[in-house]
Amino acid sequence: LVSTMILSYILIDPSKSNLDSRFSYKPILAQLTDEKNVIWDRETKALDKNGKISLGSLILKEGTANLVMQSGVIISLKGPLKLDLLSFDSAKLYYGHLSFLDNSEGNSFNLITPHSTMIDLGTAYTIHVTPEKEEVHVSEGEVWRMKNHSNEPSAIIVANESRRFGTEIPYYGENIKHEPFILSETTKLSNNFPHFSFVEDF
């Protein structure tokens, strides 16, 4: 009866339809676990006061921050950086320095950049993206790099390999000095991290 009355009220006065937004559920994709000397841009809308991260942009002007995805993937951010979380298993890195560890047993995680899409296969890797190029350092597993808007073959970067990619560089990249992935305390404790709530706090 009550639900019928509310529905009738909204139908009579369409301006009341914003009642839905108060009771909408917002999926939480990740949890901020620690941060150091951070300055978040005011346009960072995806991060709430409790460190829960939903769909949207993370814009880090300075400092470092670690987050754990609901799937178990661990992402370490170093500013300046802009990252959009798109789903439980995908994100878009516009620019910046990011370290990634996938020790989950689920599907691979797709990281999209302005230049390519990175697909991990049981991987620990670091990536640095600028408007002109990107560098990929793989410490464990493999990363498949598919160039955007191109029919070129995928480039496969395996453990202990590092490559630079850019417009003037062949699709398979050029070898560069390897930067090993450093395991943080967040990484070591990730398997014991508590389950996340899937809804936004009211």
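Residues are numbered from 1 along each chain as its sequence is written, and side-chain values use heavy atoms, with hydrogens and water left out. Because the model is predicted, local features need pLDDT of at least 70 and side-chain atom pairs count only at pLDDT 80 or more, whereas totals for chains, interfaces and linings use all residues.

Across the whole structure, the search identified five salt bridges, a salt bridge being a side-chain nitrogen of Lys or Arg within 4 Å of a carboxyl oxygen of Asp or Glu. One of them pairs the side chains of arginine 164 and glutamate 135, with an N to O distance of 3.1 Å. Since arginine 164 belongs to strand 10 (residues 161-166) and glutamate 135 to strand 8 (residues 133-147), this pair ties together parts that are 29 residues apart in sequence. Strands (E, at least two residues) are DSSP runs, numbered from the N terminus. Glutamate 135 is buried, at 14% relative accessible area, while arginine 164 is partly exposed, at 22%. In these terms, buried denotes under 20% relative accessible area, exposed over 50%, and partly exposed the range in between, with a 1.4 Å probe and protein chains only.

Arginine 164 also takes part in a salt bridge with glutamate 174, at 2.8 Å from N to O. Glutamate 174 is located in strand 11 (residues 174-175) and arginine 164 in strand 10, so that the pair links distant parts of the chain, ten residues apart. Through shared partners, salt bridges join Glu135, Arg164 and Glu174 into one network.

Leu121, Trp144 and Ile156 make a nonpolar surface patch of about 250 Å². Patches consist of residues with over 30% relative accessible area and no salt bridge, like charges being joined within 9 Å and nonpolar side chains (Val, Leu, Ile, Met, Phe, Trp, Tyr) within 5 Å; accessible areas come from the Shrake-Rupley method with a 1.4 Å probe, and for residues only the protein chains shown count as cover. Tryptophan 144 is placed in strand 8 and is partly exposed, at 36% relative accessible area.

Terms used: Helices (H or I, at least four residues) and strands (E, at least two) are DSSP runs, numbered from the N terminus.
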